[in-house]
Structures are given as structure tokens and as C-alpha cells.
Amino acid sequence: MPVSLLQMRAIRKSFGGVEVLKGVDFDVRSGEVHALCGENGAGKTTLMNIIAGVHSPDAGEIVFGGSSFARFPSAHAAQRAGISIVFQERSLFGPLTVAENIFAGRQPVTAWGMINRRQLHTNAQAMLKEVAPDVAVDATVGDLSPAQQQMVEIAKALSLDARVVIFDEPTAALTGAETARLFAVIRQLRARGVGVVYISHRLEEIFTLADRVTVLKDGAWRGTVPVPETNTDDLIRRMVGRDVEKLQASAKDSFGRVLFDVKNLSDADTKGAHAALLKNVSFHACAGEIVGFAGLAGAGRTEMALALFGVRPRGSGEVTLDGQRVTIRSPADAIAAGLGYVSEDRKESGLFLDMSVQRNISAARLERFGKWIFRDGEESAVAQEFREKLRVACRDVDQDTGHLSGGNQQKVLIARWLLVNPRVLIVDEPTRGVDVGAKAEVHQLLRDFARQGHAVVIISSELPEILTVSDRIYVMRAGQITGELRRTEASEETVMRLAAGGSD
Amino acid sequence: MQMNSPTPLPDQQSTISNQQSSIKPRRRLTLSRELGLLLLLILIVILFRVLFPTSWNYFATFDNFSSVVRNMAFEGILALGMMLMLVGGTFDLSVGATASMVGVVTGWLMKKAGWPVPVAVTAGLALAAFSGFINGFVVAKVRVNALITTLGTMGIFSGIALLVGGPGITFLPPEFSRLGQAQFLGLQAPVWLMIALGAVGHYCLAHTRFFRQFYYVGSNPKAAFLSGLNVERLQIFSFTLMGLLAGLAGIVYAARVATASSTVGVGKELGAITACILGGASLQGGRGTAWGALLGVLFVALIQNMLLIKQVRPEWQGIILGLVLVFAVAVDAILNRKQGR
């Protein structure tokens, strides 16, 4: 009889008046891998944060180690109780070494209370050997690649000797070999009787690794089934539920003139903040076309966009926009030349969160509202137009953008660039953190924009999105373009093969 | 990699946007920092009247008021420049030293080198702008942290002030001091200058496209850069303007008292920053108005005045002012947090 390690019953949680978890049940048994899947915003990470003691639920109970209680008083308490979580976002200390990170707060000490360096080294070595044999114990974490950092995170979670280990999208930045090693580690944990929770979008992984799978949709529980009793279609149906408007596939096979032509874009051979990554990237985009860029994290797509937009010191290459050679050394140059860029991280480098919707929309085209005296009234009217056209849900255009939901924030950012009306628009992860409904709206916006005779370049890590929206797809890997596919010849497998190299 | 932040808000709102647009927009309940400070000030003045009726008679005279604003002009001009800095997300610790240095150099040029007053003043202002430019260049182009840069120039400028001016340059030419002491409607020229700069500054910050850019830079410099704003050039401009205003403050002060003091600016930079924060600026940038800066200076000046009238020991002034600053900012933070900002 499988032992139930952890049970969560009827968990409810709201943030700022919005209900994120609506009475969810979840349990973990010893010696199992229990997968958790659902769309962005379904509540997976919130649920895990509650288990890990980071948040406390508004209602419901948690049964762990024989006793039932309302919440874990703190993340530390959860950790001590034997629950360990490998977060999607890094929680490592950059300037410290690997060993120091793994045992942060729990370093082995000598009798005098000083850190026992040799013991620290040995213990860390033991943990790392299983997970990441190629990482040195005294390497500075900040110097490691994102994938290696992830392995250190995993080693840290393992070292806690937990009864329940939670992995939140652990393979996003890993290669095939690293993923295989991770799976081996997870299987070992399972054999030891640990309960493993595995959150992932990648359904193939769930079918490879998990024993049971739970689906969440919009904060509600949508079923827990043994993996052998379900399949991809069933899971997807539970995850998405309603019929999302399938974007009308553009019947066009040929498009207008070449609007954007990039030849041999390469990074200069420099050391420093920007390691040389791009190598002879060449592509083109036609008027009316949406060109997608697929690839795994670290493939260089955002770096390419930043190089084109004048942010990244450019090495060599030719860029032609609507027949004219352009030299772009700053975003201002790029905008003047007719290029736009919707940045990858809207909160960090896109939006002005403490400024109003109206001011966010006008940010890249202030001169339109007056060279000297600023016409606030006109700015407001234009913002209202966009608000209606894009269906941005906000009290009024005077509201601070920081208060809007992710999808609406993204719409505001896109509105800014629609106002600029560039001939070529690059959008980077345009629907990250955006719910299914808004996602479809954003896709339609891009499609309409392209149809007006512009070229759109979309960078996305969501394969379904790339496949739905793009007319042509370029795949990048390690700073180079590994392939170009027409929509008709593209599928998740063909793209993945080009993206992952198929070698590891 | 898909993003799953620890606190996701499901974007349900986009699907009910049609219902939202029919809801009447609620009046924003947050008190603007400026209004809040004004109310607090009025409250304090009323308390003073109620608690100390005899002292009130000294306080509530035009002479007293005139003296308060006269003494306020120096810091007022500094605060106006500092407000622009804070809006743009940075600050300048060298302003006090710049004021002293420029005042002293101008005085030296007039007194010891015998230059005609207008020429000396122009030269002084040029020096002021140049010192600001140096700050701006080092911070924006060389990319040295503003704190460290201006701390360094603060030392350099105060050193130059002492070198050139010694203990001070007295008995400046009467053509000069006449300007500083001229009166209009009972208030001295420096006060009117401050008010004029305040009005111009407010208009520029609130209604011109050029100065609007500073709010963007202060709110999110990366996003501003990606939106095509020339962040470096704007930063250099604000430092240069700050230097110019600091120098102007120093010159105006020297004209008022007919003496160029080499230490007039000591400590004044912190006072200016304090006043701006009281008046609504944020150390993070992206917030603040010109009137707010002057209101902040007025607030501090009036409290100091009340303490003076009550003959409170000067040692207590620092303590009380510090407490007032923390109180005012804390109240604002609490109010804003309640609004879910």
C-alpha cells in the first residue's frame, strides 16, 4: 500500500482579489513521481509555493508527517520538515562558490563554530558527482552557465535529504544529456522512497518519467490519473478545456517584397559582458509575413534581436531594411530606421510600471505629441483608442501599468510599438505569462499588423505558438541558424530536432 | 523557458474587458505626496497656534515670513535642481560644494581680479555648468556610480572653494550686492528668482516633452533606452543643469550677504535631497514635481523657524527634523501600501 507523504485538501488562494487556486486537492506518495501540468497561470507554481511554505493558503489543509495543519509557517520550516523545492527562478548566490551554495545556511562547522572547509568540499563533491560531474565544487556560481546553475540548484535540493522534492520546469535550460542525468537522479530518488513532484509543460517528459499526473486549469483541479491510463490528447483537453480560436492559417504561400534582410550577423570576438555567440546569422522577412524564431534557451535568439536593435555591440553583418542598408548603433537608430522591438521581459525592460497606461503607450514616440509642449489630451485620446482596439482591461488609461494583469501589460507594451508603426517588428516571447484568452488576442494583433504590409519576427520558446503564428520558421542553436522551415513542413518534432541538435 | 513567477495573476481580466469598460472609473484615493505634505504643514501650523499662542505672534508676521523665505532661497534653488535629478533616478552630492566654489570664484573675480560684475557672474555660471558636466560625463559615459562620483567631486570642489576663498571674500562690490538685496513687494530678489525658477521648472517638468523623458529614465532606464530615449545625453544634461543651478544659488547667496563664503554649501546637499523626498520624490526615480521640491524646503524651513522662535536648542533641531522626515515618509508609504501599490 503506497504511503501518502503529503496531502493537500481544498486549497484556496487569492492574490489581490483574484482567485488563483479554487479548492485544489493534491497528494504525494512515497516512491512516486507525480507530475503536475497546466497552462501558464493555472496555479501550479502557487500550489508548490504553498507546499514549500512560501505562501500560506487562504483555506484548506495540509497533512504532512502525520499531522494536519493550515500552513507551513515559513519556507525554512517546510525545508526542515523535509520538503525541498528546485525553483524555476534561480535562488543561488552568484558571488559564492558551488559548495557554499549547496550548503548555504547549513555549512558543516568545526568545534569553534567556524566553517569546516574541507568537510564542505567533500560533502559538496558527493552531491555534485551524481548530478553534475563536470562542475567544479569551488567554481563561482555566477560564472556557470544557466544549465549548470540549475544542476547546482538540484544538488542543493538533494542535499537537504528531503522526503518530498519538487521540481519546477527543471529541463527548460538543459540539454538532452543533462536531462537524461536528471531523470536518472529522479528515478534514484523514487527508488529511495522520496515523493517527487514534477511540474512540466513538456508532456513527453511526463509520459517518460511520471507515475501519476494531475492537471490544473485556471486554478481548478482537473483530474489526477495514473500515467498509463491517459495520453497526450486527454491531458491537453483537460488543460485547455474550451475551444481556443485556432488562428486562421494564412493561405498565402508567397508574400510581398523582402522587407528585412539580415546577412551574416556575427558577434565580435570580445570578452566581457557579452560573450561572442552569434555566428553568421542570415535570414529575411517579407512584407505581410510572420517569421518565427524557435530554439532552446540560450540559442541566441534574444541576443540576435538585441544586436539588430542596436543594444548589443555588433560585430559584423549587413542589415537591409526595405531595400536600404542600415547601420544601427542604438535603439533610437533602429526606431528611426523602421525597426521595433517588444522586449522579452516586459516588467524588467519593457514597461514603466509606476507610470500610467497612457504614458507607457507613448514612450517610444513622444515627439508625436509635441516637440516642445506636450499634448497630454492627445496622448490620452490615442491611448483610449488603443485601449479599445486591443481590449486592454484597465480602469482608465490613467491607471498605473503595474496594476494590470500580465496579459494586459503585454498588450500595453505591444500598443507602444503599434503606435511607433515600424516596418519590421520583432516581438520576443510576446505571450509569456499570459493566459490563453489574451494569447489568442495577441496572436491576432500580430497577424493583423503583418497583414497591413509589415514584417513581424516572433521569438518564442513555446513551440505551439511558433507553429500557430509563423508563416516561416527559423530554428537557432548555439548562436547559429540550424534550419528554415515552411509552416507546412514544420512540426514540434522537426523543430525540436533542429533546436536540440539531436546529438546529445 | 516558460516563465512561472511565484505570484502569477491569472489574466482573467482580458476576457471580461467589455464589462470593465462600462464601470465608472473610481476617483483615485491616494493623496498626492505634495498635497499630503501641504496638509501636514497646515496641521503643524495650526497646532503651533493652539499650543503656543504667545510665540504665534512672532511667527505670524510678514517680517518673519519674509525672513523665512529669504533664507529658503538658497536651498530652494538647490532643491529644484535636485528634484530633476531624483526624477531621473539619480542624485548629486556635490551641489553644496559647487555652490561654495562658484560663489567664491565669482567673488574673487570681482574683488581680486577686478572683473566687471556681469562678466564675473557669467564666468561663475560657466564654471558651474562645467562642473556639472564633469559629474554627468563621469556618471553617464564612464559609468561610475553617482554616489561615488559626486562624493568625489564634492571633495574636490570644496577644496577649491577653500583654496580660492580662504575664509571667505568679504565686501563684494555694491553693484553686485544691490542685485541680491533688491526688494519687490517686500520680498528680496533671491526669493522671486526661486519662485520664478519654480514656476518655470514646474511647467517644464509637467508639460514639455523634453523634461517628460526624465520620468521615463527614472522609472526604468532600460526600458527608456529600448524606447529610443538617449539616456546618456539626458543624464549629462541633468547633471550640467544641476551644476548650473547650484552655482546660481551660490552666486545669489553671495549677492544677498555681500560676502562669498567658502563653506556656505556644507551639508546643503542632504538638505536638498531631504526636501525633495518630503515633497514627493522617490530615491528610485520617476516621481516628483518642482512645487513639491519647494514645498519640501518650505516645510523644513517653517519647522526650523518654529523651533527657533521657541528657542529650542539647536542640538534638538536635527533630531526633530530627522523624526519629521521619517514620519512624513512613513505615513506616505503606509497610505500607498494600503492602496495596493
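Strands, domains and a helix pair

In chain A, strand β1 (residues 4–15) and strand β2 (residues 18–29) run antiparallel and are joined by nine bridges; strands here are DSSP runs of E of at least two residues, helices are runs of H or I of at least four residues, and both are numbered from the N terminus, while two strands count as paired if DSSP finds at least two bridges between them. Within this pairing, Met8(A) stands opposite Phe26(A) in β2(A). β1(A) is also joined, by five bridges and again in the antiparallel sense, to strand β4 (residues 59–64) of chain A, where Ala59(A) is the bridge partner of Arg12(A).

This is a predicted model, in which local features need pLDDT of at least 70 and side-chain atom pairs count only at pLDDT 80 or more, whereas totals for chains, interfaces and linings use all residues. Residues are numbered from 1 along each chain as its sequence is written, and chains are lettered from A and ligands numbered from 1 in the order in which they are written.

Strand β3 (residues 32–37) of chain A is mostly covered, with six of its six residues buried; a residue is buried if 20 or more other C-beta atoms, placed from the backbone, lie within 10 Å of its own, exposed if 12 or fewer do, and partly exposed in between. In a regular strand the side chains alternate between the two faces of the sheet. In β3(A), Glu32(A), His34(A) and Leu36(A) point one way, Val33(A), Ala35(A) and Cys37(A) point the other way, and all are buried. β3(A) pairs in the parallel sense with strand β8 (residues 195–199) of chain A over five bridges, and Val33(A) stands opposite Val196(A) there. Four bridges join β3(A) to strand β9 (residues 212–217) of chain A, also running parallel, and Ala35(A) has Val213(A) as its bridge partner in β9(A).

Chain A is divided into domain 1 (4–240), domain 2 (247–338 + 422–504) and domain 3 (356–420), with bounds that come from an automatic or database domain assignment. The centres of domain 1 and domain 3 of chain A, taken over C-alpha atoms, are separated by 39 Å.

In chain B, helix α4 (residues 62–87) and helix α14 (residues 290–309) pack at an angle of about 140°, with their axes 8 Å apart; axes are lines fitted to C-alpha atoms over the stretch in contact, and angles run from 0 to 180 degrees between N-to-C directions. α4(B) and α14(B) are therefore oblique to each other, since angles under 35 degrees count as roughly parallel, over 145 as roughly antiparallel, 65 to 115 as roughly perpendicular and the rest as oblique.
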